[in-house]
Amino acid sequence: MRSAIECPICASPKAKSLYLVKGADVVECYHCSMIYVPIPAPEFAKNNDSLGYYNYRSEFTSHLMTFNKRLEESEKYLGRMGRILDIGCVLGHMGEAARRRGWDVYVTDVSEFTVLEARKNFGLNGFISAPDKLAVKPGRFDLITMYDMMEHLSHPLDLLKDVRKALSSCGILHISTSNAQSWSAKIMGRHWYHLKPSEHLLYFTPETLRSCLERTGFEVLKIKSICTYMRINDILLRLERYSKKGARFLRTIARTLGISDWRVKIFTGEMQAWAQPAGIRKEQKTQPVKDILDIVCCSNCRSEIQLFEESEAICTQCELSFEVVMGVINFSKYAKHGKQKVIGSS
Ligand SMILES: [Zn+2]
Ligand SMILES: [Zn+2]
């Protein structure tokens, strides 16, 4: 585990301050240029409040357009469809977009609420992850997507190593994250909308993203900017952050012109990367699976886990017992089998 100040990528303790945002320092590593927030990982904000996702939910149609476009591009790299895992699934909109295209879909998130919502609303299969870990058996997925979640991590290398193992040798990883070298970042400086040190601990550039992927055994196929589809009204709502009056005035104009519901493609200072497990090897097919137990493994020792009654999944090796809630395994809540008390929130 890295100490409070160490660079999360190269472990160097030397960094220079870039911005001070709401009392939090954002620094750049002298050694590898990674931009990060040098604090111990804060407790993940567990947003179990459906109100917090009201805006996200209302943007479902725009999300489908965005994710369709992304899947279409990934399918070109892969040459086919198959089994997908969406890490950081929020309410399952990405999973649903993939399901509608014909993918075999699995989702995961550190938030219990969002995984259960994805299951309830779209019937998606999934599990709840412990932060910075992926409890998945090797070679299970053709495509793994991580949209807007890398910036939340405190140990990106640990998670990326797990992701590489979870992919089949011919599988693809598709990432999106903010680009600290985008024009919006350069123009807006410390007022850049992606700078939120309380939520976003990492700020990648194309170079540091590439370095992270290469350090964890990936070969980068492509890095380029990424677009998002949004309703004009939703774009203007976001501008209220800078000027309430100005944004409201523009919303009135958009309503008058009847263009509030138009969806447009915008670039928001984010980039995307496609990568595949590095090295020449013989084509190893994605492993067949029957159910979720063929996919997940113990997050502690990576052994098989078995369902025990309705509310427990137990590791056959280290005998940790993971909570199961409405059929969904929660790897962040575990205890020693037979003990009632939850001893860990890993
Ligand atoms: Zn560094
Ligand atoms: Zn175990």
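Visitor: Why does C89 count as buried?

Guide: In this predicted model, C89 has 27 C-beta neighbours inside 10 Å. The threshold for a buried residue is 20 or more, so C89 counts as buried.

Visitor: Where is C89 placed, and which residues does it touch?

Guide: C89 belongs to the loop between β4 and α3. Leaving out residues up to four places away in sequence, C89 touches M94, G95, V107, T108, D109, T114, V115, A118 and G126. As for K69, which is 20 residues from C89 along the chain, the two C-alpha atoms are separated by 17 Å.

Visitor: Which residues of helix α3 are buried, and what do they pack against?

Guide: Helix α3 covers residues 93-101, and its buried residues are H93, M94, G95, E96, A97 and A98. These buried residues pack against α2 (60-78), β4, β5 (104-109), α4 and β7. After α3 comes G102, with a positive phi near 110°.

Visitor: What makes Y229 partly exposed rather than buried?

Guide: Y229 has 19 C-beta neighbours inside 10 Å. A buried residue needs 20 or more and an exposed residue has 12 or fewer, so Y229 falls in between and counts as partly exposed.

Visitor: In which strand does Y229 lie, and what is it in contact with?

Guide: The strand is β10, residues 218-231. Apart from neighbours within four places in sequence, Y229 is in contact with S62, M65, T66, R263 and K265. L173 lies 56 residues from Y229 along the chain, and their C-alpha atoms are 22 Å apart.

Visitor: Why is β7 described as largely enclosed by the rest of the structure?

Guide: Seven of the seven residues of β7 are buried, so the strand is largely enclosed by the rest of the structure.

Visitor: How do you know that β7 pairs with β4 and with β8?

Guide: A pairing requires at least two bridges between the strands. Strand β4 (residues 83-87) has four bridges with β7, in the parallel sense, and strand β8 (residues 167-178) is joined to β7 by six bridges, also running parallel. Both counts meet the requirement, so both are pairings.

Visitor: What is the handedness of the crossover from β7 to β8?

Guide: The chain passes from β7 through helix α5 (residues 156-166) to β8, and this β-α-β crossover is right-handed. A right-handed β-α-β unit is also made by β5, α4 and β6.

Visitor: How do you know that β5 and β6 pair?

Guide: Four bridges join β5 to β6, which run parallel; with at least two needed, the two strands pair. V107 has G126 of β6 as its bridge partner.

Visitor: What makes β1 and β9 edge strands?

Guide: The sheet in question is open, has four strands in the order β1-β2-β3-β9, and is paired antiparallel. Strands β1 (15-21) and β9 (202-203) each pair on one side only, and are thus its edges. Within this sheet, strand β2 (residues 24-29) and strand β3 (residues 35-36) are antiparallel and share two bridges; E28 has I35 of β3 as its bridge partner.

Visitor: How many residues are in contact across the two domains, and which elements supply the side of domain 1?

Guide: Domain 1 has 14 residues in contact with 10 residues of domain 2. On the domain 1 side, α4 (112-122) and β6 (125-128) each supply at least two residues, and α4 gives the largest share, four residues. By class, this side of domain 1 has eight nonpolar, two polar and four charged residues.

Terms used
Residues numbered from 1 in each chain as written. Chains lettered and ligands numbered in written order. Predicted model: local features only at pLDDT ≥ 70, side-chain atom pairs only at ≥ 80, totals over all residues. Contact = placed C-beta atoms within 7 Å. Nonpolar A, V, L, I, M, F, W, Y, C, P; charged D, E, K, R; others polar. Right-handed = clockwise from strand over helix to strand, strands pointing away.
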